[in-house]
Amino acid sequence: MFGSRALAIVAVSLIAVVGGLLLAWWQWTRYQSATGTLQNLGYVLQWPLFGVFPAFMFWRIHRGAERERALDEAPEQAAKPQSIDPRLTYVQNTNVADEDQELLAYNEYLASLADREQRHAG
């Protein structure tokens, strides 16, 4: 299921979690000492977050890879032509004066971009 690279990432994530908890405990003992400050208490909350972050990133990367694999395994769904909502189809009014031909060409260009974006978005 996991390759050696994934196992190494899991090991580093576990070490980071344990290290973050140990550092939080150390800061808690510093906070409770006679020289402890609120900064030490802040570190008590901060170190576990630093420790959990690599595990969270591993989970996010793994989840993204699973989604990508699922998309690769189902190409027939992606190859189906998407139906275009007729309410979103742009129809250009071509009854314009001669001086507006440049504007008409620009609007046709924008309409083609909008149609292309709608086909790729679906």
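Among contacts in the protein chain between residues at least 6 apart in sequence, what percentage join residues at least 24 apart?

Modeller: The model is predicted. In the protein chain, 53% of the contacts between residues at least 6 apart in sequence join residues at least 24 apart. The chain has four helices and zero strands, and its pattern along the sequence reads α-α-α-α. Of its 122 residues, 10% are buried. The chain exposes about 10,100 Å², and 63% of that area comes from carbon and sulfur atoms.

Now to the aromatic rings. A pair of them is described by the distance of the centres and the angle of the planes. The structure holds three aromatic pairs. One of them joins Trp47 and Phe50, with 5.7 Å from centre to centre and 80° between the planes. That angle makes the pair edge-to-face, because planes over 60 degrees apart count as such. Trp47 and Phe50 both belong to helix 2, which covers residues 38-73. They are three residues apart, so about one helical turn separates them. Trp47 has a relative accessibility of 26% and therefore counts as partly exposed. Phe50, at 46%, is partly exposed.

Another pair is formed by Phe56 and Trp59. Their ring centres lie 6.0 Å apart and their planes meet at 35°, so this pair is tilted. Phe56 and Trp59 also lie in helix 2, three residues apart, about one turn of the helix. Phe56 has a relative accessible area of 37%, which means partly exposed. Trp59, at 44%, is partly exposed.

Technical notes. Residues are numbered from 1 along each chain as its sequence is written. This is a predicted model: local features need pLDDT of at least 70, side-chain atom pairs count only at pLDDT 80 or more; totals for chains, interfaces and linings use all residues. Side-chain values use heavy atoms; hydrogens and water are left out. Rings of Phe, Tyr and Trp (its six-membered ring) pair if their centres lie within 6.5 Å; planes under 30 degrees apart count as stacked, over 60 as edge-to-face and the rest as tilted. Helices (H or I, at least four residues) and strands (E, at least two) are DSSP runs, numbered from the N terminus. Buried means under 20% relative accessible area, exposed over 50%, partly exposed in between (1.4 Å probe, protein chains only). Contact means heavy atoms within 4.5 Å. Accessible areas come from the Shrake-Rupley method with a 1.4 Å probe; for residues, only the protein chains shown count as cover.
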